[in-house]
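I opened this notebook to record what I looked up in one structure.

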Amino acid sequence: MAAFAQRHAPLSVTRDRLGEADAHQQLWQQIVRQGLHAMHLPERFGGDECGLDTLAVVVEQFGRALLPGPYLPTILAGSVAATADENHDLLAAFAAGATGALCTGGTLTAHHRNGEWVVSGLSDPAIGLPTASMIVVAAQKPGSTEPLWFWLDTTTLNTAPHAAATDEAIRAAASGDGVTSDAVTRDGAIRGVVPGDGVARAAASGNGVTSDAVTRDGAIRGVVPGDGVARAAASGDGVTSDAATRDGAIRGVAPGEGVTRAAANFDAASRGAAALDTASCGAAAFDVAARDAATLDAVADDAVACDVATLDAATLDAAAHDASVRDSAVRGAVVCAAATVDGSTGAVVAGESIDLTRSVGRLRLTEHPVAANSVLSGVGSADVELIRISLLAAEASGIAAWCLDTAVGYVRVRTQFGRAVGTFQAVQHRAALMLVRAEVIKAAAWDAARAAGQPAQQRELAAAHAAVAALPAVVDQALECIGLLGAIGFSWEHDAHLYWRRAISIAALAGAEDTWADRLGRIALLAERDFSFVEPGTLPDLRARVGVVLDDVLGMPDDEQPSAGWAPPRGGARRARLADAGLVAPHYPAPFGLGAGPREQAVIDAEFRGRGLTPPRLGIGDWVLPSLIANGTVAQHDRFVTPTLRGRIVWCQLFSEPGAGSDLAGLTTRAVRVDGGWRLTGQKVWNTQAAEADWGVCLARTDPDVAKHAGLTYFLLPMRAPGVEVRRVRQATGVWEFHEVFLDEVFVPDDCVVGEPGDGWRLAVGTLSHERSAMGNADFGHGSAALVRTLIERGDHACTRDDAVRTLGRNTARECSVAALNLRDALSRMGGSEVAGIASVRKVFHAIAQRDGARAVLGLLGPLGCLGGPELPYAEDYLGVPAVLIGGGTIEIQLNVIAQRVLGLPR
């Protein structure tokens with residue numbers, strides 16, 4: 001896909017053809033020739049019937065290449081149409097190469113009248129609409145939560161030019177000869193009457209618009225004000241023929257001495273109408289202010305903007321009669337006539353697109369009858385939203401990847417102060433966070449796409465997750481790219497702003513962020529996203545073997561002995577049975593585990609959950625044992641691994657020191673060779689479980705004369721040995737979970753050295769990677785969605801319930817993002833690959849997500865935030881956040897790792 005885009009739509013060509021109406025016709029022909037337009041369509045129409053997940057991959061790659069034109073709008077429309085029960089004509093058209101657009105939202109409303117549906121209103125902006133051949137439309141049905149879905153052939157519609165919105169736009173009326181015949185374009189159009197907040201309803205009295213200013217069919221298309229435009233009216237010679245441009249557009253009418261602040265002779269300026277469009281049938285010259293004409297109200301029943309059609313001359317009365325014109329200040333749209341010479345009841349209203357590589361417009365219908373064979377029955381909202389958000393998020397993932405690559409490539413070579421700016425830590429951290437953001441966007445988009453075919457509630461959760469986690473983030477990603485590029489990135493000549501514009505556009509199309517957060521929060525009150533990835537019947541033989549063991553365990557007494565603090569419980573008969581069966585850590589190699597991969601682990605976990613059992617945990621032992629299994633001797637395996645699995649040994653980790661935290665290799669604890677072993681002296685700190693631990697893994701310096709990373713050795717240290725003193729360290733939470741450990745000539749025998757002397761750094765890095773993996777799991781210790789649910793259920797908030805629900809939505813999105821990152825990693829490993837640096841990425845995002853989530857909860861409490869205790873755990877939950885920001889290596893150290901080891905930025 002990337003090669004196709006580079007060959008047929010290189011960015012240089014896209015840039016050269018910005019704004020050309022037919023710029024992308026040849027590209028679309030190539031897309032059709034390759035069959036890429038029909039990948040998602042049913043096979044009986046010549047499509048490949050690929051799944052949403054496959055289609056999302058194509059969209060991601062095209063998004064990375066900023067593929068212009070109708071591709072995404074068309075597959076959005078086609079994908080929705082493919083979910084309908086009867087859609088043969090429409091799908092056949094798409095398969096034949098018709099372009100399309102998807103129109104939803106806005107004020108489109110369907111009424112059943114005389115046995116058929118009739119639709120009126122204005123849609124939300126839709127990408128690709130002005131160039132679409134077929135439009136898939138949703139209109140709300142009164143009293144129904146599901147809209148009416150139908151399709152239109154655009155050959156039956158009119159198309160209006162776009163105009164940019166201006167809050168101080170001219171009020172669409174002129175007194176006297178305010179607009180002269182010389183201000184008319186070749187086809188007689190006055191372009192760009194744009195509504196702003198203060199635009200009047202577009203009626204004129206007197207000779208505000210002369211007959212010469214009208215097109216052949218009588219359309220008045222607008223006036224574009226400049227910075228100094230008066231409020232909407234010109235008196236006398238306020239606008240002269242000299243104000244016309246080469247094509248007749250009046251741009252920037254500046255008020256002179258003779259320009260009044262408002263139309264003198266009409267009291268028509270009721271607030272809120274978006275724009276007025278008039279059409280004349282059969283009048284050679286149509287005078288809006290015809291003195292002899294009958295008065296015609298400019299109020300449409302359901303339309304957002306006033307729309308008028310006349311068979312002869314008419315005078316417009318633009319006074320608002322009632323609330324039938326709702327909030328009609330629809331910014332950015334110019335309305336074209338909905339009833340024309342040929343009797344059309346619809347029009348495409350082109351808009352000025354933020355994304356310069358795609359057109360955008362709105363569909364306006366007035367009493368439009370929907371033929372029975374145009375109705376798309378069977379289309380469900382959950383399916384549509386999943387399709388829409390999945391594909392927009394997939395494109396966001398492609399944009400995020402381009403922004404990351406572009407920014408990193410630039411800071412690698414850009415020099416300031418005599419060195420590459422990529423060596424500056426601030427720049428490295430920003431680049432690393434861009435990688436984290438890109439991975440989160442990709443994970444959320446991927447999770448949404450894989451939800452196709454899942455139950456409706458799961459589809460809703462996945463779509464809402466992607467809408468909250470992916471679409472807003474890509475806007476930030478693009479801006480961060482420009483920030484790292486500096487002034488060159490803010491120039492028109494650089495491509496970065498095109499990607500930024502695309503990001504803004506698709507995020508806006510997805511819908512308001514608060515609306516999606518609210519939607520996700522309401523679903524999260526009822527259900528949780530299912531991140532399981534194995535079917536119930538997967539690996540039946542393994543299920544049977546595991547089931548026998550677990551049924552035995554259920555028949556035994558629960559005799560585990562709980563430990564204090566974070567230490568795991570000490571095992572009994574149950575733990576011994578599980579350890580002998582390899583089920584305490586099934587991913588360990590035999591004989592300690594089953595050598596289970598991600599799929600086998602998922603099956604085993606499901607068997608535990610199905611019986612109400614919790615898989616055992618080893619605490620710090622989960623980080624220690626993999627290094628010990630991989631590098632220890634057989635004697636060490638027998639002495640330490642099996643007893644740990646049985647719950648007889650509890651471990652702690654003795655790495656950090658007062659002067660060596662993030663700079664672990666700078667530690668000063670020394671180990672001196674003595675007869676039969678080593679004497680260790682020094683101080684360790686921030687040691688979890690040290691008071692409960694039987695053994696600790698200790699990093700000490702055995703050779704002070706070599707490079708600091710090379711002179712370290714990995715020891716197994718008995719915590720009850722003479723010379724070991726453990727002191728508790730009380731945390732800000734008031735809990736005593738950390739410790740400092742003093743070592744005074746503690747003897748460690750040679751058989752408690754893992755690997756060779758000097759191997760310590762390599763082994764420690766392995767242990768820390770397991771720690772980071774564990775700290776990046778989907779379980780949130782702080783700011784969890786479960787905590788917000790409790791808060792909502794109890795009413796423990798000073799804000800509105802809606803505010804609390806939106807916070808639940810955002811916190812749920814954070815948890816889902818971490819879970820999706822984990823699942824993608826697991827599936828990658830199942831396929832024999834691994835995402836580079838994913839452990840550090842997960843650790844960083846996991847910590848940030850908990851920090852932001854806990855802070856959001858705190859913001860809901862009001863005065864209740866003054867209280868603590870078991871019944872009000874919210875503020876104390878926030879007090880515990882530093883543990884996840886610091887533990888396993890601070891966020892900043894992880895960002896260094898990502899920047900240098902994953903992104904390859906220079907040190």
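**Entry 1: the cavity.** I worked from a predicted model. I began with the second largest cavity, and I noted that α4 (52-64) and α5 each supply at least two residues of its lining. Which helix gives the largest share of this lining? I found that α4 does, with three residues.

I recorded a volume of about 50 Å³ for the second largest cavity. The structure holds four cavities of 30 Å³ or more.

**Entry 2: from the helix to the sheet.** I next followed helix α5, which spans residues 71-81. Helix α5 lies across β1, β5 and β6, and runs at about 70° to β1. I therefore turned to these strands, remembering that strands of a sheet pair through backbone hydrogen bonds, either parallel or antiparallel.

**Entry 3: the sheet.** In what order do the three strands lie? I read the order as β1-β5-β6, in an open sheet with mixed pairing. The edge strands are β1 (100-103) and β6 (148-153), each of which pairs on one side only. From one strand to the next, the twist averages 20°.

**Entry 4: one pairing in detail.** I looked up how β1 pairs with β5, which covers residues 134-139. The two strands run in the parallel sense, over four bridges.

Methods. Residues numbered from 1 in each chain as written. Predicted model: local features only at pLDDT ≥ 70, side-chain atom pairs only at ≥ 80, totals over all residues. Heavy atoms only, no water. Pairing = 2+ DSSP bridges. Axes fitted to C-alpha atoms, helices over the stretch in contact; angles between N-to-C directions. Contact = heavy atoms within 4.5 Å. 1 Å grid on protein atoms, 1.4 Å probe; cavity = no way out; pocket = protein on both sides within 12 Å on 5 of 7 lines; lining within 4 Å. Points joined across faces, edges and corners; volume = space filled by probe spheres on them.
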